[in-house]
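Please look over the sequence and the model shown here.

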Amino acid sequence: MKQYTLINRVLAGVSFLVALITYTLTLQPSVPFWDCGEFSAATAWQQVPHPPGAPLFLIVARWFHMIPIGDPGWRINMVSAVSSAFTAAVVYLIVVKMIERWRPFREGHSPMSYIPTFGGAIIGALSFTWCDTQWFNSVESEVYAAGTLLIAILIWLMMRWNEVAEKRGHERYLLLMAYVVGLAFGVHLLALLVVPAVAMVIYFRRYKFTPWSFTVMLGITGIVFFFLVYKAPLQYIPKLTAINPIIGFMVVVALLGVLWWSVRERKTVVYLSTASFLLILLGFTTYAHILMRANAHPVMNENEPDTVSELVGYLGREQYGNRGSWPRRQETESYYRQYQDKYGEWFEPVGRNDDGTYQYDQVNVAGEVNFLLKYQCYHMYFRYLLWNFYGRVSDVQDAEAAGFSVNPQEKAQFITPTGYPDVFPIRFFALPFLLGLIGMFYHFKRDWKMALAFMTLFLLLGIVATLQQNQQQPQPRERDYFYVGSFMVFAMWIGIGVTGIAEQLGKPKLVESDEEDGELHEQGVGRVGLMTAIVAVGFVMAPLNMAVGGWKAHDRSKNWVPWDYAYNILQSCEKDAILFCNGDNDTFPLWYMQDVAGVRQDIRVVNLSLGQTPWYIWQLKNERPWNAKQVPISFSNEMLKKGEDEEGGLRPEIAREAQTVVIDVPADVMSWATNGKNAQAGKMEWKMRGGDYPGQAQGTFMGVQHKLVRDIMETNHWKRPIYFSSSTQSDVWSGLENYFRTEGMAYRIMPVPQPQNSINLDVMRKCLLGVLPGNDFKTDPSYGFKFRYLNDKSAFFMDDHRRLVVTYRLLYDRLAQYELTEGKNPKGAIAALDKLEQEIDPDMFNMPYQISQEIARIYKEAGAPEKAAKYAKLTLKALDEQKDIDDNGGTSRYSGSPAEVLAARAAMYELMGDYDRAKKEYQTQDQNNPNVRGQIELIDLQQFLDKKDTAGAINQLKKIIAGYGKDSSNTAMQRNAEVFKQRLSELMKTPIDNTSVSDSTAGSSARGN
């Protein structure tokens, strides 16, 4: 027994170490995107994140943050790595206990006979370690890895209680489970879904199974779980306490009284029930942390729940509203509306209920069921299950599972755009999935009661959670991280599947008895060698297969994109700026940079998503985080303390037309904005617009955030610079876009209208050309961007990170274009594009053809033909990929119209001097089309211009003009002729330098201009 126990513990330790090494090697080196920046900033200063918070996670993560090595973001990411390493060890122990129910330890048997037990367990643990979702969760500072550990601990305690249920003291495992459930409130609520499975195990252990008693157990469990385990700690008792703290105190006293009575009267069931409920409440008390920290008024204090009544709203996530469960298609905004009819006709709601849910007078039941099955069940759950154990086409959003082959459409749409054909598709050839199915069936065969409990876990943590969340299409990101508990159960079945195969194929030999009965008897404990070989093959088929296939796609060790991205936005702004942003990824990393890295704490970041809430506007107006200046806001504090439905409170409205806003501009500001051309005081006037309002063709939705932008503009009086982050969209710009001037990665609001593509040349040069090397950075205002590892081919960047590279390239392209056209500085244009190539490898990230085409053109016009030819070839490659996507029914993010694609291809051949190929592109079109004809004639002319042959160009122009004759019936033809006549006049007056006619209006529609 000692040897068996020692081996078991050693292998649990091996599971822990393998997982820890894996996650440490692939850990993100600093802050990741999404909620990680918020949680990291909240951890560093023990702040209050978005509802319903995660106080236990923040407390534990703070210990990691105090580790005196590494980047602060890396330390907090280690919370997930260590949590998941412990999860691997616990999963190993759970699978051992699952198998021991039919394959227990027996004295006298060799440890080698337990290879199917130990082997199956470590295969299950490492299959989960290297599965897609768990790996993703384990290398970033989110709550899901820690939440999964709590799920695993609860399952292990359930199994351990089942072992000792007839022994004295077994109750301590049930009580410990109750306490862990209470702690889970402070990390993530998904762990609560283990409770019904625990009830099922207790039922099977204590009661005889009958259909009636089983049904009664399910009903009681559902009621107890919903009202006592979930609702009571989260809502009922906090609400009672909010009414009067004495009431909440008396409830606890009453429960203690019942507990004392049950002990005295030896009422075991009452004692266990009451003690368990009290322990859940004890675990839930981590939320006192939220209450205390809110009263300390930290920089991040979301919803400001500094009273018990406000904490109740915080716990109930009231700011997010309420969505009904039927019909399944709920959202009315055009963002969602574009997808809804694909599942069947959808009828819009006719009103709202008091709880905020919609009212409908007509529902297409077939369409709702179709949406539920195809999108919510398959796309938002089963596809994720396949990702983990079957294979994944790529990390581009909405990519399907990858089987033995990938069809041309999937390759074109989901693999080619990644730029990582060596990484994708990730194919496991369905081997782990097959082993998991075998394990599921084998588990039911050998131990159907416990298998039913685990099936309950699998469904509750997976498909049931999916249906409860009622996800709408589309989602801003993939949501597989929600269902990691379900995937953990399936990974356990993979281990059991290998054990089952080993047991069946490695059964002991049957030999004839020496006794006279002549019966056959088993000899030994099984074919150890064969079972060992089967376990080894199972290890290769599942965990090793998954580790090799998924390593590169999960390696974030060189991914500094979120840190650099946030730094670049902040360092685009002048001192004491007000910076509007919107959404998670252009807000949370900025909070991290200010709160943790200490970068640009003078800037007031104004999140316009939160700008719809009065509590946030109140904080902007009245508080001074890091001693930064208050945001100038004229809304009264009284107004900001009122709810949206209260008289005098801030509320959105529907405006039938855009509102005209006029702001005074002082003389000194006007002089600065016009470079001294206008030194007189003036007015800034713009049409304020809101967002789209469904069903109101003539209306515009004026949200509170739009009113906030206007009020800040009016109250600021041009005393501080105001910017929008370049990642914001037009629906939050409030109609100010005509006043935008690009400065780095921010749009500065100017008091006078700006020309299209206006930039601050000096700021752009400093930001883009003064790139800081290595890990250097500045905390005070200092222009100069960071682009770490974007030229390192060994690094891997996820899809949402790769998309940001397009933004960076566009910035360099704009700078180069401005240097060339406005600054008359071709060397400056070349320097900008050369710097781009130096910092961002052109071969690493697929480049939209529109960008590479512009780079090629600028290089050519600036006098760098070799570089122009290089990018022309990259453009042609991108166009070929675009054609592949189009031909295979895919949809590209950067697709162009057929005319634009044709013009781009011809322009690149023309740029490289291959005039025949350029003309052939147009000759595939209608030759009688004036635009097509004009483009072909331009190519003929360009050959002479490139040679600087003035005489040849003049003769060619005369031939072209003569070809048009005196036909006056076609206005397009006349326009072409006039353009060529004008060009002829110019050439006869001025000799050719390095002029191109590519900007001529002749044939412009064929070029897609």
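What follows covers the basis of the model, a helix pair, a residue in that pair and a set of strands.

## Basis

This is a predicted model, in which local features need pLDDT of at least 70, side-chain atom pairs count only at pLDDT 80 or more, and totals for chains, interfaces and linings use all residues. Residues are numbered from 1 along each chain as its sequence is written, and side-chain values use heavy atoms, with hydrogens and water left out.

Helices (H or I, at least four residues) and strands (E, at least two) are DSSP runs, numbered from the N terminus.

## Helix 1 against helix 5

Helix 1 spans residues 2–25 and helix 5 spans residues 115–129. Their axes come within 10 Å and cross at roughly 15 degrees. Axes are lines fitted to C-alpha atoms over the stretch in contact, with angles from 0 to 180 degrees between N-to-C directions. The two helices are therefore roughly parallel (an angle under 35 degrees). The crossing of helix 1 with helix 5 is right-handed (the near helix is turned clockwise from the far one by less than a right angle).

Contact means heavy atoms within 4.5 Å. Helix 1 contributes Tyr4, Ile7, Asn8, Leu11, Val14, Ser15, Val18, Ala19 and Tyr23. Helix 5 meets them with Thr117, Phe118, Ile122, Ala125, Leu126, Phe128 and Thr129. By class, this contact holds 12 nonpolar, four polar and no charged residues (Ala, Val, Leu, Ile, Met, Phe, Trp, Tyr, Cys and Pro count as nonpolar, Asp, Glu, Lys and Arg as charged, the others as polar).

## Asn8

Asn8 lies in helix 1. Asn8 counts as buried because its relative accessibility is 13% (buried means under 20% relative accessible area, with a 1.4 Å probe and protein chains only). Leaving aside residues up to four places away in sequence, Asn8 touches Tyr92, Leu93, Val96 and Phe118. Phe118 is 110 residues from Asn8 along the chain, yet their C-alpha atoms are separated by 7.0 Å.

Strands pair if DSSP finds at least two bridges between them. Strand 13 (residues 722–725) pairs with strand 7 (residues 578–581) in the parallel sense, over three bridges. Here Phe724 is the bridge partner of Phe580. Strand 13 also pairs with strand 15 (residues 746–749), antiparallel, again over three bridges. Phe724 stands opposite Tyr747 there.

Four bridges join strand 15 to strand 14 (residues 740–743), also antiparallel. Thr742 stands opposite Tyr747. Strands 14 and 15 form a hairpin with two residues between them. Gly744 in the turn has a positive phi of about 65 degrees.

## Strand faces

In strand 13, Ile722 and Phe724 point one way and Tyr723 and Ser725 the other, and all are buried. Strand 15 is covered on both faces. Ala746 and Arg748 lie on one side, Tyr747 and Ile749 on the other, all buried.

Key:
Parallel < 35°, antiparallel > 145°, perpendicular 65-115°, else oblique. Buried < 20%, exposed > 50% of the residue type's maximum accessible area, 1.4 Å probe, protein only.
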